[in-house]
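Let's take a walk through a protein model together. Keep the structure open and follow along as we go from one spot to the next.

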Amino acid sequence: MEKKKKKLNHQHHQQTPRFAWRYGLLLFSVLTISSTAQSFHYADALTKSLLYFESQRSGRLPYNQRVSWRDHSGLTDGLEQGVDLVGGYYDAGDHVKFGLPMAFTVTMLSWGVIEFRDQIADAGELEHALEAIKWGTDYFIKAHTSPNVLWAEVGDGDTDHYCWQRPEDMTTSRQAYRIDEKNPGSDLAGETAAAMAAASIAFKKTNPHYSHLLLHHAQQLFEFGDQFRGKYDGSVEMVKNYYASVSGYMDELLWAALWLYEATDNEGYLKYVVNKAHCFGGIGWAITEFSWDVKFAGIQIMASKLLEKEKHKQHAHILKQYRSKAEYYLCSCLNKNNASNNIERTPAGLLYIRQWNNMQYVSTAAFLLTVYSDFLRNSNNHLHCPAGTLDHEEILNFAKSQGHWLGDLIVKTISWTKEIIICRLRPAHTIQHH
């Protein structure tokens, strides 16, 4: 299994991941860490991260759009295929709508609201956070045109990269691509199901009708992905240069089942996670990253928390194995595994997982560390690693240290982006930025 893990990580190094609009998720993750450190303005960063999502909106913008320099765009998306695919989010500086990373971001936004709803509300941003989630899930509802059809992508990355335009003025291809029974995509269907199931929890109290609608779509998508198995990049080949599914689809199916269990309390979904724990890699993969492609660490963290409930004792044998793998991930972040199994760090202490877009892995690590720190505090437990035992405060402090790195990057990036905007206003110096 260790060899398989190394092979997976090697394959990821061969990709050229994009500086996707998950940057907004990076900002959002900083806020879930803490609201106590006065030297870092977490609430202000949360506000700006949610503004970032508004700037990435595609479609007909609402009356309360706060990013006033954006306007309606992509209003004919899906027209050639006879479907309404208007809406959703653009990816990075592109005008392409990629389903897999978009769905993962909505899942994580929803998880953030579920875990830290009160803190986000105290910052005055709960309504905006829910709006960011809903902008994504409204699009997923449109894209799920029948039980076994999900539209995976709108636009073409190759032609898009040759043209530097505002989305309001774009002239590039708006071709749409889908997965269905003959062209499966269990990873995409599973991640979209997870996003809609998690979002259904986030909306359950404030918008129960919408919550129920999301859950209905999530259940259909999970059944579709599970029954017609295959990787989505085998059906939509043009995504291979941008968001190839290196990890396969088994993690997304486990991830979707676990979120559906959280949303429904239906024992059947938990049994799926338990019964397929070994054959789908849930308790076999010891992973040192959590990302739009690789969901195992998130699955393992969520499954670990189930152990504390009495009704799950019958599954304790498997859930303990999930916890063991979750702790491997956490200990690797904290430099408490055996030396060769820890995540590398920069000389100044930043987690270093990958050359390209490293900060997405830092933000997801900070998020999972924070979630588990809260879990340990509430259950009065400790994290036992090969190189030592840590309490919840030590874990949270490390997560905060990574969050401070992210905050510092934000400040520098804002300054750098101003220079990009200035260049963009000069035709002779136009560049494309990702």
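**A guided walk**

Thr-370 belongs to helix H15, residues 358-379. Helices (H or I, at least four residues) and strands (E, at least two) are DSSP runs, numbered from the N terminus. What does the side chain of Thr-370 reach? It reaches the backbone oxygen of Ala-366, at 2.7 Å. As a bit of background, an α-helix has 3.6 residues a turn, so residues three or four places apart point the same way.

Before going on, keep in mind that this is a predicted model, so local features need pLDDT of at least 70 and side-chain atom pairs count only at pLDDT 80 or more, while totals for chains, interfaces and linings use all residues. Residues are numbered from 1 along each chain as its sequence is written, and side-chain values use heavy atoms, with hydrogens and water left out. pLDDT is the predictor's confidence in each residue, from 0 to 100. The chain has a mean pLDDT of 87, and 84% of its residues reach 70 or more. Over residues 1-23, though, the pLDDT is below 50; this stretch has 67 contacts in the model beyond near neighbours in sequence. (A contact means heavy atoms within 4.5 Å.) Residues 34-38 also stay under 50, and the model has 5 contacts for them beyond four places in sequence.

Now for the cysteines. A disulfide is a pair of cysteine sulfur atoms within 2.5 Å, and by this rule the count comes to 1. The partners are Cys-331 and Cys-385, with their sulfur atoms 1.9 Å apart. This pair links distant parts of the chain: Cys-331 sits in helix H14 (residues 316-333) and Cys-385 in strand E6 (residues 383-385), 54 residues apart. The link is left-handed, with -85° about the S-S bond. Both Cys-331 and Cys-385 are buried. By contrast, Cys-163 is partly exposed, because its relative accessible area is 22%, and Cys-279 counts as partly exposed too, at 46%.

Next, look at His-315, in the loop between H13 and H14. Is it buried or exposed? His-315 counts as buried, since its relative accessibility is 11%. Its side chain makes a polar contact with the side chain of Glu-267, at 3.0 Å. Leaving aside neighbours within four places in sequence, His-315 is in contact with Glu-267, Leu-270, Lys-271 and Val-274.

Helix H4 (residues 99-122) has a kink of about 90°, centred on Phe-116. The bend at a residue is the angle between axes fitted to the seven residues ending there and the seven starting there. Of the 24 residues of H4, 18 are buried, so the helix is largely enclosed by the rest of the structure. Just after H4, Gly-124 takes a positive phi of about 75°.

Finally, find the open sheet of 3 strands, ordered E1-E2-E3 with antiparallel pairing. Two strands pair if DSSP finds at least two bridges between them. Strand E1 (97-98) and strand E3 (176-179) are the edge strands, each pairing on one side only.

Definitions and conventions. Buried < 20%, exposed > 50% of the residue type's maximum accessible area, 1.4 Å probe, protein only. Polar contact = N/O pair within 3.5 Å; in protein donor to acceptor, adjacent residues only side chain to side chain.
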